[in-house]
Amino acid sequence: MSAFDPEDDLGQDLAFRLLSNSPVTLFFRRHVLEETSQWLAERGYQMVFLDASTWSAEEDLHRDVSEALGFPDYFGHNLDALNDCLRDVVRQEFGWNPDATGFVLVFTGYDEFAGSCARPAQVVLDLLAQHSRVAAVFGRRMICLVQSNDPRISFDAVGAVPVVWNDEEWLDARRDG
């Protein structure tokens with residue numbers, strides 16, 4: 001399946017809708033995240049899930065991301081090294097299956113990590129947004145889905161655009177249940 005088919009109605013293409021706002025999208029309700037993830041997986045997107053709720057230090061992030069994406073042994077376990085390796089992921093040198101429609105990194109419980117490591121949590125989202133933009137230049141789709149158990153969580157703009165709530169939960173009332 002091609003990542004972009006001009007014959008498709010882009011309004012029905014969830015990946016297009018996600019990326020048109022920001023490559024990083026917030027989710028509160030798990031079932032909304034699961035439905036979104038299922039839609040993407042059914043269309044050939046490579047899904048990588050990471051549970052950020054157990055990360056109490058930046059090193060926890062680097063360990064799990066490195067393992068999930070198959071970073072090389074020389075990965076430096078810091079934000080600069082993460083930036084470098086994400087560049088290689090976009091080049092599909094490792095971590096991203098070239099046969100996939102696109103690449104989706106899903107963080108669950110991200111509010112826990114953001115609460116204990118606010119700066120690295122923000123920087124990671126910014127790096128992913130920047131690399132998503134580069135991937136788009138190559139005709140590739142890179143998406144980051146961020147689940148939070150805090151319905152009021154917010155982040156500074158990433159990749160020069162804000163991190164926004166998904167279509168289903170963008171109204172506060174829809175997150176309050």
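**A strand covered on both faces**

Modeller: Strand 4 is covered on both of its faces, since M142, C144 and V146 on one side and I143, L145 and Q147 on the other are all buried; buried stands for under 20% relative accessible area, exposed for over 50%, and partly exposed for what lies in between, with a 1.4 Å probe and protein chains only. This is a predicted model, in which local features need pLDDT of at least 70 and side-chain atom pairs count only at pLDDT 80 or more, while totals for chains, interfaces and linings use all residues. Residues are numbered from 1 along each chain as its sequence is written, and side-chain values use heavy atoms, with hydrogens and water left out. Helices (H or I, at least four residues) and strands (E, at least two) are DSSP runs, numbered from the N terminus.

Because six of the six residues of strand 4 (residues 142-147) are buried, this strand is largely enclosed by the rest of the structure. Its pairing with other strands, which requires that DSSP finds at least two bridges between the two, comes next. Strand 1 (residues 24-27) runs parallel to strand 4 and is joined to it by four bridges, and within that pairing V24 has C144 as its bridge partner. Strand 3 also pairs with strand 4 in the parallel sense, over five bridges, with F107 standing opposite V146.

C144 leads on to the cysteines. A disulfide is a pair of cysteine sulfur atoms within 2.5 Å, and the structure holds zero of them. C85 is in no disulfide, the nearest cysteine sulfur being that of C144, 17 Å away; C85 itself counts as buried, at 3% relative accessibility. C117 is likewise in no disulfide, and its nearest cysteine sulfur, again that of C144, is 16 Å away, while C117 is buried with a relative accessible area of 10%.

A pair of aromatic rings is described by the distance of the centres and the angle of the planes. Rings of Phe, Tyr and Trp (its six-membered ring) pair if their centres lie within 6.5 Å, and planes under 30 degrees apart count as stacked, over 60 as edge-to-face and the rest as tilted. By this rule there are eight aromatic pairs. In one of them, W55 and F113 have ring centres 5.3 Å apart and planes at 90 degrees, so the pair is edge-to-face. W55 lies in the loop between strand 2 and helix 3, and F113 in helix 5, so this pair ties together parts that are 58 residues apart in sequence. W55 and F113 are both buried, and together with F107, Y110 and F155 they form one aromatic cluster.

P120, which lies in helix 6 and counts as buried at 10% relative accessibility, touches E58, L79, Y110 and F113, leaving aside residues up to four places away in sequence. Q122 also has its place in helix 6 (residues 118-137) and is buried, with a relative accessible area of 16%; with the same exclusion, it touches F155, D156, A157 and V158.

Helix 6 is also one of the packing partners of helix 3. The buried residues of helix 3 are D60, L61, H62, D64, V65, S66 and L69, and they pack against strand 2 (46-51), helix 4 (79-90), strand 3 (103-108), helix 5 (110-116) and helix 6. D64, buried at 18% relative accessibility, forms a salt bridge with R63, the closest N and O atoms being 2.9 Å apart; a salt bridge is a side-chain nitrogen of Lys or Arg within 4 Å of a carboxyl oxygen of Asp or Glu. After helix 3 comes G70, whose phi is positive, near 65 degrees.

Methods:
Contact = heavy atoms within 4.5 Å.
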